[in-house]
Amino acid sequence: KMAAAAGAAAAAAGLWSEVNRCGQNGDFARALKSVNKILQINKDDVTALQCKVVCLIQNGNFKEALGVINTHTKVLTSDVIAFEKAYCEYRLNRIESALKTIQSASQQTDKLKELYGQVLYRLERYDDCLAAYRDLIRNSQDEYEEERKTNLSAVVAAQSTWEKVVPEDLGLREATYELCYNSACALIGQGKLNDAMKKLQKAEELCRQSLSEDSDVTEEDIEAELAIIHGQMAYIMQLQGRTEDALQLYNQIIKLKPTDVGLLAVIANNIITINKDQNVFDSKKKVKLTNAEGVEHKLSKKQLQAIEFNKALLAMYTNQADQCRKLSASLQSQSPEHLLPVLIQAAQLCREKQHAKAVGLLQDFADQHPANAAEIKLTMAQLKIAQGSVTKACMILRSIEELQHKPGMVSALVTMYSHEEDIDSAIEVFTQAIQWYQQYQASQTRGAKPKSPVHLSLIREAANYKLKHGRKKEAISDLEELWKQNPKDVHTLAQLISAYSLVDPEKAKVLSKHLPSSDTMSLKVDVDALENSHGATYVRKKAGKLTGDNQQKEQGQGEVKKKKKKKKGKLPKNYDPKVTPDPERWLPMRERSYYRGRKKGKKKDQVGKGTQGSTTTGTSELDASRTASSPPTSPRPGSGAAVSATSNVIPPRHQKPAGAPATKKKQQQKKKKGAKGGW
């Protein structure tokens, strides 16, 4: 037995040497085989079990490693294996379990603190995460300080982006492209897009310099590493309205086929937002990228929520009503207080022409969530306006108490009431808004203080509206209030006098004494500058030499304008002064009293006219009566064999009327003229 025990100890020692050598070489697969052999000798060896867990973690077998830990809980207590257990849970995306494991550990080692910071970041507890990393940086001195600062800047960027917190200056030296990238993300969260673009360009330059130093890195590897930087550049372009440039850069990144599923999902979602209700087939292809495995562990909750919202909207645009309702209902169950799910459902109902149902849905949400009722009621009012129920829309808008006094709301209500010719309600809107400002000012200040510019603007608009619609007496009180606030306001005083002149002329005369005199109202005008200005109609003559009489004229009565001579009108050539001109000579000939119409005379010979192929012949030759009575003419010299005219003579009794062929020809011509051509 002693020999067997000695042999086993020797074998175990050899195996431990193998484990140590493989661990130093990074060959954890072979090390695991040796550890398993050791465990066959002693299954409860704590060190061997720890080494097995580490080998499994190094090989990426986190689930198996966690199984080993949970199987040997008696041996591998939380004090011994707390970090490895929490790390396996973290890598398996069991973030809450990892947090509990870390917090239950009796001793908080530096490794656990590092992991604690990562867990808090994944849980989006950014304030606690920031404090954890600050503590680590303050109390650690090793080669990982740069990585900790990078993580710290990432937390600040997340706060700026998702919580809209103005980041504090941490004084980090942006020597790496990761730090520059995180700084750019923080600037995007603050809306400083131009500064963020400059930071990203610097990050790209640093990234190229850093990776080009390694000879094993190819250009494709550099482009893959730059993909996330280019993605943020495209996002900035999209926010700036440069959608074509952003779309081009997004598609370039997709062509690279990066391995980061989170990056691909964000880019696909942004392309869908650019497409909107256009190019829906491309959007349906891009949606598949947002459904990739592991996306939910790479993105923040707000990013995932935005992707789900866009899926519901895309379903609505592609007329998938059931899918749209299903997605929006799921979103509403996850975030009952969020506005977008109910707005998407209402939009889908409107597309189905169910406006009343959409309004009812919005009303139920407004009753259940009063804090978000304002935006919902604005949507309800818009739907009522689309249906033509302007008065009901006004009632809904007036029920939003927190917006009643806003100038935009007052303007909208007054416009809508004016459209409905309800002047009393419009004036009531002005009155309620003015009273709100009076009460607000009384609650904020003690004693008489000047009214705010918005308050005065509302009073002026109310006065102008009342004057426009003939409510002079009601307008006078508003104008008096304005003039009381600023007695030097001549415009208000003039309006007040104008209003009193129609109601109380004596009062108008009294107030007119407050108007400034004409001397004080004289305008200082540079006449020369006005005359020389562009578009001036006055043309100045060049000054000439004044001598003798001209000089005396200028000194005396001033320059006399020359009178233009009128040109005598031209008379007709046949003008006879003894004959009285025709009083109707300016009228067209047809409208004159003595016009009798045209005289119908014999037509003249028309040269080159007639049907195609016919010869031109004089009217005398076509006259049958003349042909019958006149003697035959001799043939012209040079003509062909002539037929005697007497052989073709037709007796008058059998002759056709001379006008018949002509009439028939006219009818044919008229018909031909009225016909449409085939070309």
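Arginine 148 is in contact (heavy atoms within 4.5 Å) with Glu114, Tyr133, Leu136, Ile137, Ser140 and Asp142, once neighbours within four places in sequence are set aside. This arginine lies in helix H9, residues 145-162. Helices here are DSSP runs of H or I with at least four residues, strands are runs of E with at least two, and both are numbered from the N terminus. Arginine 148 counts as buried because its relative accessible area is 6%. Buried means under 20% relative accessible area, exposed means over 50%, and partly exposed lies in between, with a 1.4 Å probe and protein chains only.

The model is predicted: local features need pLDDT of at least 70, side-chain atom pairs count only at pLDDT 80 or more, and totals for chains, interfaces and linings use all residues. Residues are numbered from 1 along each chain as its sequence is written, and side-chain values use heavy atoms, with hydrogens and water left out.

Asparagine 20 sits in helix H1, residues 2-25. With a relative accessible area of 46%, asparagine 20 is partly exposed. Its C-alpha atom is separated by 9.9 Å from that of serine 34, which is 14 residues away along the chain. Cysteine 51 is placed in helix H3, residues 46-58. Cysteine 51 counts as partly exposed because its relative accessibility is 22%. Beyond neighbours within four places in sequence, cysteine 51 is in contact with Trp16 and Val35. Glycine 23 is 28 residues from cysteine 51 along the chain, and their C-alpha atoms are 9.6 Å apart.

In the model, the span 227-260 is 76% helix and 0% strand, and its end C-alpha atoms lie 10 Å apart.

Helix H26 covers residues 490-503, 14 residues in total. From first C-alpha to last, H26 reaches 20 Å, close to the 20 Å expected at 1.5 Å a residue. The expected span is 1.5 Å times one less than the number of residues. Buried positions in H26 are Thr492, Leu493, Gln495, Leu496, Ile497, Ala499 and Tyr500. These buried residues pack against helices H24 (453-468), H25 (472-485) and H27 (505-512).

The structure holds two cavities of 30 Å³ or more. On a 1 Å grid over the protein atoms alone, a cavity is a set of points where a 1.4 Å probe fits but cannot get out, and lining residues have an atom within 4 Å of a point. Points are joined across faces, edges and corners, and a volume is the space filled by probe spheres set on them.

The largest cavity has about 50 Å³ of space. Its lining consists of Arg398, Gln404, Leu413, Val429, Gln432 and Ala433. Helix H23, residues 423-444, gives the most to this lining, with three residues. The lining divides into three nonpolar, two polar and one charged residue. Nonpolar covers Ala, Val, Leu, Ile, Met, Phe, Trp, Tyr, Cys and Pro; charged covers Asp, Glu, Lys and Arg; the others, Gly among them, are polar.

The second largest cavity has a volume of about 30 Å³. Asn269, Ile272, Val287, Thr290, Ile307, Asn310 and Lys311 line the second largest cavity. Helices H14 (261-275), H15 (280-290) and H16 (301-317) each give two or more residues to this lining. The largest share, three residues, comes from H16. Three of the lining residues are nonpolar, three are polar and one is charged.

How values were computed
On a 1 Å grid over the protein atoms alone, a cavity is a set of points where a 1.4 Å probe fits but cannot get out, and a pocket is an open set with protein on both sides within 12 Å along at least five of seven lines; lining residues have an atom within 4 Å of a point.
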